[in-house]
Amino acid sequence: MLSAYIEIIRMRFLMMLAYRVNYYSGIIIYALNIGAYYFLWKAIYGTSETLGGMTVAQMTTYVAVSWMARAFYFNNLDREIATEIKDGSVAIQFIRPYNYIIVKMMQGFGEGIFRLFLFMAPGMVVVSLLFPVKLPTDPVIWVVFMIMLFLSFLINSQINIITGLFAFFLENNEGMMRMKRVMVDLFSGLVVPISFFPGWAEGVLKLLPFQAITYLPGAVFTGKVTGSAVYELLGVQLIWFVLLIVPLALLWRGARTRLFVQGG
């Protein structure tokens, strides 16, 4: 069974490879986004050395690594699942000898591996040449960051799959998918770091899983969080990964009794 899942990862990687030119252009788009945020935050800082507990150099690095990390953990599993539910093709998954949820995770991981090597890595090189990005020199930070980046993918994929499964109950969850995407980008710290929110809002966001997607890995990578606190943030990600398994399993169990084909 493990070999079957590995083959699914390979197939998704090869499928993405067929459209690699689109992702080369995506590097330019992400670089433009990073440039826009860089000059915006530089203007906001003005003559201030620190803001929200981050220096200008840390903020520049945070913006760059957060957007490039998004290239790895981002996927459209929610939309894929919703489409398969609407056209009824998900029904065949019930009789196949593998777990549908794990298959979707493996497909997303295959896409993520492609984005890591052909989007995120070259994109980070380009951005580092264009903007004053300060990369960590401690190899331990790199190792921890890569582990946290993988957990970011898992958590984001769990949220996407949960959102997609709601199509079993709502028939059309397009609005929910749009709302989810905005919430992830905003509340994960991609647009504005969590530490820049008002105290009460920061406290609320720390009770949600979104910060574990972008803000926590970014805080470690930029050096905003150091020492033993790094492993505490890693623990927070692990906790959210485990907690999100519960609603995911419950939704999938309930969804199996509600399948009806809307077309096809």
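The model is predicted, so local features need pLDDT of at least 70, side-chain atom pairs count only at pLDDT 80 or more, and totals for chains, interfaces and linings use all residues. Residues are numbered from 1 along each chain as its sequence is written, and side-chain values use heavy atoms, with hydrogens and water left out.

Start with helix α5, residues 100-130. Helices here are DSSP runs of H or I, at least four residues, numbered from the N terminus. At 1.5 Å a residue, the 31 residues of α5 should span 45 Å. That expected span is 1.5 Å times one less than the number of residues. The end C-alpha atoms of α5 are 42 Å apart, which agrees. Yet α5 has a kink of about 45 degrees, centred on Leu 116. The bend is the angle between axes fitted to the seven residues ending at a residue and the seven starting there. At the start of α5, a side-chain oxygen of Asn 99 comes within 2.9 Å of the backbone nitrogen of Ile 101.

Now turn to the pairs. Two packed helices are described by the angle between their axes and the distance between the axes. Axes are lines fitted to C-alpha atoms over the stretch in contact, and angles run from 0 to 180 degrees between N-to-C directions.

α5 packs on α6 at about 135 degrees, with the axes 10 Å apart. The two are therefore oblique; angles under 35 degrees count as roughly parallel, over 145 as roughly antiparallel, 65 to 115 as roughly perpendicular and the rest as oblique. Leu 116 of α5 is among the residues that meet α6. Others in α5 include Ile 101 and Phe 109, while the α6 side includes Phe 145, Phe 150 and Phe 153. Contact means heavy atoms within 4.5 Å.

Helix α6 (residues 139-165) also packs with helix α8 (residues 174-187), at about 160 degrees and with axes 10 Å apart. These two are therefore roughly antiparallel. Asn 156, Ile 159, Asn 160 and Thr 163 of α6 make the contact with Met 176, Met 177, Lys 180 and Val 184 of α8.

Leu 216, Pro 217, Ala 219 and Val 220 of α10 meet Val 230, Leu 233, Val 236 and Gln 237 of α11.

How values were computed
A polar contact is a pair of N or O atoms within 3.5 Å; within protein, one must be able to donate a hydrogen and the other to accept it, and residues adjacent in sequence count only if both atoms are side-chain atoms.
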